[in-house]
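The sequence and the model are shown first, and the description follows.

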Amino acid sequence: MKLSKRMDIIKPSGTIAMAEKARELSKSGRRILNLDVGEPDFDTPEHIKRAAIEALMSGHTHYTSSLGTIELRRAIAEYLKRRRNVDVDPEKEIIITPGAKHAIYCACMATLDPGDEVLVLAPTWPTHFTCIEAAGATPVEVPCGEAYRVDEEMLKEKITSKTKMILINSPNNPTGGVLNVNDMRVIADLAADHRLLVLSDEIYDEIVYDGIETKSMLSFDNIRENVIVINGFSKTYAMTGWRLGYAIANKDVIDAMNRLQQATTTCPANFVQVAGVAALKGPRDEVEKMVGEFNRRRKYIVKALNEIPGVRCVMPKGAFYVFPRFYGLKMSSFEVSMKLLEEECVSTTPGSAFGACGEGHIRISYATSIETIAEAIERIKRFVEKYSTT
Ligand SMILES: Cc1ncc(COP(=O)(O)O)c(C=O)c1O
């Protein structure tokens, strides 16, 4: 069958070959240690599940407004006031989507044209590149290293007459780096000077360590009209399967995204939106417990990786990933990940999936038990010793 030309642009996920290999190995009876997971290994907190069950039983089973329920939009606005001290109009400046991913897709389709360039602070989650490309625009990587720091001069140099947007993701997937306030201000000022949009994916903003303060791009008044903030419930509340996210932007962008949502998904599930209100208004102890456990694993895995000769791992400040560099092996990051899977049954994600500047690294998720991490580290160590050229 002849597919649309658009499908030449939308490539399969860079990790599909890995997933297929893992499936094949599982079928042959081998136990795979999954360190490629992009979701918390905790269950959704009980009070959120109860809210959804009660909503289902009391008839929240029909379409809602395509912007999402006003109750959830108000709860998000209250949460942002409480947490960030920013004012957002729940009637006009918020849209609820089935997952943050759909919000990113709609935001790109609503604002980008073929020929536009988007400066992408990289490495970053592959979907960011795909959504830009799906809109016909071109992602331009701005390497930010393992610590996810902005080089102002490099950023400036990459701005051309075609640049329309800067895309950032802090806390960052895959590095776990968190932009400091200075770097955020540099981005805001450049965006304001050059009249650029800023798409800020803040989905990991509650998963941070060592008491560091994060800021939202919504807090910079000079770009307030041109910022699109993406967030969601998947990571903070372990709700990946519920499909609930949102975007905050000016009224025109939200209107355009709303038209796209009307043409595609209509709205997220009604009872799931009720559960979202319970998540935002309910107790925080489960979230704190989860972040505490991630923190314990973070320290463990960084120390263990740095004890392997030929591996260097920066201590991440947020999210639940590490992005070690394997400098002692003469292999591409894809080969490292694939061989690790084939020979040691450890499933990871090659750094090159997160942009060209991710080459030389692999992404390891610590959203799995410390026992699994410990066993995986032993196998990684054996692997590195076998192939090390240093
Ligand atoms: C940076 C980033 N944004 C968004 C998402 C997806 O969020 P959702 O499950 O709400 O679509 C992910 C998932 O891995 C992510 O890493």
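## Ligand shell, helices and strands

The shell around the ligand is made up of three nonpolar, eight polar and two charged residues. Here Ala, Val, Leu, Ile, Met, Phe, Trp, Tyr, Cys and Pro count as nonpolar, Asp, Glu, Lys and Arg as charged, and the others, Gly among them, as polar. Of these 13 residues around the ligand, Gly 99, Ala 100, Lys 101, Gly 232 and Ser 234 come nearest; a residue is near a molecule if its C-beta atom, placed from the backbone, lies within 6 Å of it.

The model is predicted: local features need pLDDT of at least 70, side-chain atom pairs count only at pLDDT 80 or more, and totals for chains, interfaces and linings use all residues. Residues are numbered from 1 along each chain as its sequence is written.

Helices (H or I, at least four residues) and strands (E, at least two) are DSSP runs, numbered from the N terminus. Helix 11 (residues 285–306) has 22 residues and reaches 32 Å from its first C-alpha to its last, close to the 32 Å expected at 1.5 Å a residue, the expected span being 1.5 Å times one less than the number of residues. Its buried residues are Glu 286, Val 287, Met 290, Phe 294, Arg 297, Arg 298, Ile 301 and Leu 305. They lie on the same side of helix 11 because they cover an arc of only 120 degrees around the axis, taken from the directions from the helix axis to the C-beta atoms. A residue is buried if 20 or more other C-beta atoms lie within 10 Å of its own, exposed if 12 or fewer, and partly exposed in between, with C-beta atoms placed from the backbone. On the face of helix 11 turned away from the buried side are the exposed residues Asp 285, Glu 288, Lys 289, Gly 292, Arg 296 and Lys 303.

Strand 5 (residues 163–169) is largely enclosed by the rest of the structure, because seven of its seven residues are buried. Its pairings are listed below; two strands pair if DSSP finds at least two bridges between them.

| Partner of strand 5 | Sense | Bridges |
|---|---|---|
| Strand 3 (residues 117–122) | parallel | four bridges |
| Strand 6 (residues 197–201) | parallel | five bridges |

Glu 117 stands opposite Thr 163 in strand 5, and Leu 167 stands opposite Leu 199 in strand 6.

An open sheet of three strands has the order 10-14-13, with antiparallel pairing. Strand 10 and strand 13 (349–350) are at the edges with a single partner strand each, so one side of each is left without a neighbour in the sheet.
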